[in-house]
Amino acid sequence: MVLLKFYDTDFKKVTPYAPMGTRFFDLCDVLQADNLPDVETIAELLYKKYGSDVVYNNY
């Protein structure tokens, strides 16, 4: 997916150190969706689901 527009988020890093290695996760799993919607909708759904309390270590 190529992004043509970026959307503001308020996701803050919650771990004390730099991430080690590469982190991958499936947005379909995170959003519990069969297909991904447009990028603006993804940003809205992630904010509604996590707000600013995102914990990246769960993925």
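Predicted model: local features only at pLDDT ≥ 70, side-chain atom pairs only at ≥ 80, totals over all residues.
Let me begin with the helix itself, which runs over residues 39–50 and so counts, by its record of positions, 12 residues in α2. From the first C-alpha of α2 to the last, the helix reaches 16 Å, which is close to the 16 Å expected at 1.5 Å a residue.

Which residues of α2 are buried? They are I42, A43 and L46, and because they cover an arc of only 100 degrees around the axis, they sit on the same side of α2.

A43 deserves a moment of its own, since its relative accessible area is 18% and the cut-off for buried is under 20%. In sequence A43 and T9 are 34 residues apart, while in space their C-alpha atoms are 7.4 Å apart.

Now to the two ends of α2. At the start, a side-chain oxygen of D38 comes to within 3.3 Å of the backbone nitrogen of E40, and after the helix comes G51, with a positive phi near 55 degrees.

Finally, please look at the loop between α1 and α2, where Q32 is found. Most residues other than glycine have a negative phi, yet Q32, which is not a glycine, has a positive phi of about 50 degrees. Is Q32 buried or exposed? Q32 is exposed, with a relative accessible area of 70%.

Notes. Residues numbered from 1 in each chain as written. Heavy atoms only, no water. Helix = DSSP H or I, 4+ residues; strand = E, 2+ residues; numbered from the N terminus. Expected span 1.5 Å × (residues − 1). Buried < 20%, exposed > 50% of the residue type's maximum accessible area, 1.4 Å probe, protein only. Arc of directions from axis to C-beta. Polar contact = N/O pair within 3.5 Å; in protein donor to acceptor, adjacent residues only side chain to side chain.
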